[in-house]
Amino acid sequence: MTAYGIVLTAYFIQSLLWAVHCLKKGNTMMLKEVDRVEVLTLMDNYVDFLLESTKVVTRPPKAKDGMISRDSLVGEHGLSLLVKVHEGSEKHTILFDTGHTGIGVLHNAKHLDVDLGQIETIVMSHRHMDHTGSLWPILERLGRPIPLVIHPEAFLSSRYLLLPDGKKLRFPDTLNRKDLEGRGVQIIESRKPVHVADGKILVTGEIERTTGFEKGLPYAYTEHDGKLVKDSIRDDQSLVMHLKERGLVVISGCAHSGIVNTLLYSKKISGVDRLYAVLGGFHLSGPEFEPIIGETIECLKKMSPEIFAPMHCTGWKAVHRFEETFPDAFVLNSVGSTITLSSAQAA
């Protein structure tokens, strides 16, 4: 076993011991509290160089060494977030999703001087191409074994959109178990919640669907025993952190389970009722989803998030409504932005 393999094994033994500790405490998914959460957007649909920094969000520099670069950050229909959690002098870094193309995330990481070597774990929100696109180039760049947290149904092949006009569109097969294992990836495959970052980040696993209005992607199908069946995209999962004195920080990839379902489930599995920040894609774009924007907002009002950063597939109409509804909490995200969330003592 290589030196890195020994370290990796020790890391997961430590995670297992923490899970046993949680079981003894009577809450199977206890979360270690953190002092600070930093979320750097390596990829999103939107780039705006004129946005100004605030107390919550730091925008990328407009120039280097006094010179405005001819190079530029790029956006694409995809999502990739570098998530760091801090507790005292301890820090952990994970990568949540990898954008749409094999180019954008690596380009933006280089432009922002991001060292991808700091990534300890990669978490995939689900297998759609706009979240898995740069996985292979990133693995190549890392050049070492790394854990990949993923839902088992992310490996389903033959996924389609069956449109009302009769068109049948196939999703690219972006994930292959054998290829990943051949590259030394340690696949952590689970429908249940999984701890990463030494118990400081919880990956939700499969999200319970309890609301009546969040029904998922209507035209999604997959092949089973030679027949096309409805694809509920059960591999949709999110990240949950517990910020000291503030409450939960929840980051969604696309919220195919519904963002309200995601938040309700995050509260349930963490045992923490207070919600502080909600970030990520909420999939409220287009005629199939815009009718539920109002119900979504009414539910979110009751949860009273203090930081609200819609991204990626949320859609312009929903983003606009969120800004109107949560003017003090709203953050307009853009590629290269870093959202920093601190405990009351660390603020």
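Student: Which residue is the bridge partner of Glu87 in β5?
Tutor: The model is predicted: local features need pLDDT of at least 70, side-chain atom pairs count only at pLDDT 80 or more, and totals for chains, interfaces and linings use all residues. Residues are numbered from 1 along each chain as its sequence is written, and side-chain values use heavy atoms, without hydrogens and water. β4 and strand β5 (residues 90-96) pair in the antiparallel sense over 7 bridges, strands being DSSP E runs of at least two residues and helices H or I runs of at least four, numbered from the N terminus. Within β5, Glu87 has as its bridge partner Glu90.

Student: How many residues of β4 are buried?
Tutor: Buried means under 20% relative accessible area, exposed over 50%, and partly exposed in between (1.4 Å probe, protein chains only). Strand β4 (residues 80-87) is mostly covered, and its buried residues number 7 of 8.

Student: Which residues touch the most other members of the largest nonpolar core?
Tutor: A nonpolar core joins buried Ala, Val, Leu, Ile, Met, Phe, Trp, Tyr and Cys residues through side-chain atoms within 4.5 Å. Leu239 is in contact (heavy atoms within 4.5 Å) with residues including Val83, Ile94, Phe96 and Val123, leaving aside neighbours within four places in sequence. The largest core has 32 residues, and those touching the most other members are Val83, Leu239, Leu279 and Leu341.

Student: How many residues make up the second, separate core?
Tutor: Among its members are Leu202, Ala255, Leu300 and Phe308. The size of this second core is 30 residues.

Student: Why are the buried residues of α4 on the same side, and what arc do they cover?
Tutor: The buried residues of helix α4 (residues 135-142) are Leu135, Ile138, Leu139 and Leu142. They lie on the same side of α4 because the arc they cover around the axis, taken from the directions to the C-beta atoms, is only 100°.

Student: Which exposed residues does the other face of α4 carry?
Tutor: The buried residues of α4 pack against β5, α2, β6, α3 (129-132) and α5 (177-182). On the face turned away from the buried side, the exposed residues are Glu140 and Arg141.

Student: What distance separates the C-alpha atoms of Gly117 and Gly143?
Tutor: Gly117 lies in the loop between α2 (104-111) and β6 (121-123), whereas Gly143 follows α4 and has a positive phi near 65°. Beyond its neighbours within four places in sequence, Gly117 is in contact with Leu142 and Arg144. Gly117 and Gly143 are 26 residues apart along the chain, and their C-alpha atoms are separated by 9.1 Å.

Student: How far from the sulfur of Cys313 is the nearest cysteine sulfur, that of Cys254?
Tutor: The whole structure has 0 disulfides, a disulfide being two cysteine sulfur atoms within 2.5 Å. For Cys299, the nearest cysteine sulfur is that of Cys313, 18 Å away. Cys313 is buried, with a relative accessible area of 6%. Cys313 is in no disulfide either, and the distance to the sulfur of Cys254 is 3.3 Å.

Key:
Pairing = 2+ DSSP bridges.
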